[in-house]
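The sequence and the structure come before the details.

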Amino acid sequence: MTEPAMVKAALTSQAIETPSWAYGNSGTRFKVFARPGVPRTPEEKLDDAAKVHEFTGAAPTVALHIPWDTVDDYAALAGHARDRGLTLGTVNANTFQDDDFRLGSVCHPNPVVRRKALDHLLACVDIMDATGSRDLKLWFADGTNYPGQDDIRERQDRLAEALAAVYERLGDDQRMLLEYKLFEPAFYTTDVPDWGTAYAHCLKLGPRAQVVVDTGHHAPGTNIEFIVATLLREGRLGAFDFNSRFYADDDLMVGAADPFQLFRIMYEVVRGGGLTADVAFMLDQCHNIEEKIPAIIRSVMNVQEATAKALLVDREALAAAQRTGDVLEANAALMDAYNTDVRPLLAEVREEQGLDGDPMAAYRRSGWATKTAEERIGGQQAGWGA
């Protein structure tokens with residue numbers, strides 16, 4: 001049985017990166033519902049992110065998305081983050097919102113368009129240099145909608161060529177994180193559709209190329225924990241994009257659809273040493289009908305709860321049952337941990353850090369939502385249209 005002190009120590013050291021874009025107005029393909037007090041600048045996004053960290057103690061880094069978070073001085077933006085107790089984390093490239101990328105970006109049949117996409121990726125590495133960020137995260141909307149639209153194999157060659165150029169540009173302490181997605185916006189072929197494709201490209205590039213597992217990017221019924229276990233075993237799990245899905249890439253709060261799945265994933269992370277490895281735990285969510293900051297706080301708490309339950313698994317009892325083929329006892333070892341109410345334990349962990357045991361209640365009392373709604377009048381709210 002894991003000692004409570006060890007569980008507390010692991011929970012205290014866990015860090016969950018929040019995404020800058022989750023603080024802006026986001027939504028579905030049909031409508032984006034604007035809310036009062038939404039940030040208008042990258043700096044105001046960081047101000048909101050600082051509140052999440054203030055009340056959870058577990059969200060010290062913020063991911064950027066370029067060009068959504070473009071500023072004139074990235075070193076100054078990093079300083080703004082530091083002044084609020086944060087650091088800038090992963091830099092996310094964007095090769096899906098330009099008209100030139102209608103038929104793809106780095107996989108586009110036109111070399112001029114491919115060069116434009118590659119230049120953007122290299123510019124993102126320049127931004128990493130300025131912010132001190134370690135990770136560059138790449139997700140490509142590239143693919144085809146119709147049989148015969150383009151050469152499937154040739155598109156993989158183009159992808160490999162672009163990834164190699166970016167990898168060569170990375171500094172010694174920087175990493176490339178390659179994300180995959182089953183489908184959308186391409187519906188016939190997707191150029192990076194699964195973890196195997198991402199893994200194959202990373203394997204050729206070198207050890208600083210790692211795979212990102214977005215929990216919403218799989219077919220229904222996919223055993224995500226198997227993917228996590230395999231990538232950890234191979235030393236190629238670079239990061240998570242945590243969210244939740246009911247149908248497709250819904251980008252809802254992590255753990256909303258299937259908290260048991262999140263627990264199973266986090267057990268494999270604990271089992272595979274992922275809590276102490278260089279695995280980045282990131283949120284990738286868009287909050288449409290709910291308040292932004294409370295939704296992000298709740299998401300952080302959901303990851304913490306799943307992690308706490310995973311840490312409480314009696315691994316000795318589980319291993320003994322597995323060795324003897326006792327199917328029911330092995331399953332019970334997992335279920336006993338999952339059914340444990342870990343909220344009092346997490347409240348204790350927070351209080352020992354000088355935080356309020358209930359982050360949601362602490363945020364409500366802070367009056368930050370009222371303050372920002374009153375002060376953030378005028379200007380263009382961050383977000384994207386639909």
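By class, how many residues in the lining of the largest cavity are nonpolar, polar and charged? The lining has three nonpolar, three polar and four charged residues. Here Ala, Val, Leu, Ile, Met, Phe, Trp, Tyr, Cys and Pro count as nonpolar, Asp, Glu, Lys and Arg as charged, and the others, Gly among them, as polar.

The model is predicted: local features need pLDDT of at least 70 and side-chain atom pairs count only at pLDDT 80 or more, while totals for chains, interfaces and linings use all residues. Residues are numbered from 1 along each chain as its sequence is written, and side-chain values use heavy atoms, with hydrogens and water left out.

## Cavities and pockets

Rolling a probe the size of a water molecule over the atoms shows where empty space is left. On a 1 Å grid over the protein atoms alone, a cavity is a set of points where a 1.4 Å probe fits but cannot get out. A pocket is an open set with protein on both sides within 12 Å along at least five of seven lines, and lining residues have an atom within 4 Å of a point. Grid points are joined across faces, edges and corners, and a volume is the space filled by probe spheres set on the points.

| Space | Volume | Lining by class |
|---|---|---|
| Largest cavity | about 60 Å³ | three nonpolar, three polar, four charged |
| Second largest cavity | about 40 Å³ | three nonpolar, six polar, one charged |
| Largest pocket | about 1,300 Å³ | 19 nonpolar, 15 polar, 14 charged |
| Second largest pocket | about 480 Å³ | 13 nonpolar, nine polar, four charged |

Searching the whole structure gives two cavities of 30 Å³ or more. The lining of the largest cavity consists of Lys181, Leu182, Phe183, Glu184, Gly216, His217, His218, Arg245, Ala248 and Asp249.

Around the second largest cavity are Leu11, Thr12, Gln14, Thr56, Gly57, Ala58, Gln304, Val349, Arg350 and Gln353. Helix H1 (4-13) and helix H12 (343-352) are the elements that give two or more residues to this lining. Helices (H or I, at least four residues) and strands (E, at least two) are DSSP runs, numbered from the N terminus.

The largest pocket is lined by 48 residues, and those closest to its centre are Arg29, Phe96, Trp139, Lys181 and Glu184. Strand E4 (135-138) and strand E5 (143-144) each supply at least two residues of the lining of this pocket.

In the second largest pocket, 26 residues form the lining, and Ala15, Leu275, Ala277, Val279 and Phe281 lie nearest the centre. H1, strand E1 (16-19), strand E3 (87-92) and strand E10 (280-283) are the elements giving two or more residues to this lining. E3 gives the most, with four residues.

## Helix packing

Axes are lines fitted to C-alpha atoms, for helices over the stretch in contact, and angles run from 0 to 180 degrees between N-to-C directions. Contact means heavy atoms within 4.5 Å.

Helix H2 (residues 42-56) packs with helix H3 (residues 74-83) at an angle of about 20°, and their axes are 9 Å apart. H2 is therefore roughly parallel to H3, a term for angles under 35 degrees. On the H2 side, Pro42, Glu43, Leu46 and Asp47 meet Leu77, His80 and Ala81 of H3. This contact divides into four nonpolar, one polar and two charged residues.

The axes of H1 and helix H9 (residues 292-311) cross at roughly 150° and come within 10 Å. H1 is therefore roughly antiparallel to H9, a term for angles over 145 degrees. Val7, Ala10 and Leu11 of H1 meet Gln304, Thr307, Ala308 and Leu311 of H9. By class, the contact has five nonpolar, two polar and no charged residues.

## Local backbone features

Ile66 and Pro67 are joined by a cis peptide bond with omega of about 20°. Pro67 sits in the loop between strand E2 (61-65) and H3.

Another cis peptide bond joins Glu184 and Pro185, with omega of about 10°. Glu184 is in the loop between strand E6 (175-179) and strand E7 (189-190). Although Glu184 is not a glycine, its phi is positive, at about 80°. Glu184 also belongs to the lining of the largest cavity.

Phe246 lies in the loop between strand E9 (237-242) and helix H8 (259-271). Not counting residues up to four places away in sequence, Phe246 touches Leu252, Ala256 and Ala257.

Definitions and conventions. Angles under 35 degrees count as roughly parallel, over 145 as roughly antiparallel, 65 to 115 as roughly perpendicular and the rest as oblique.
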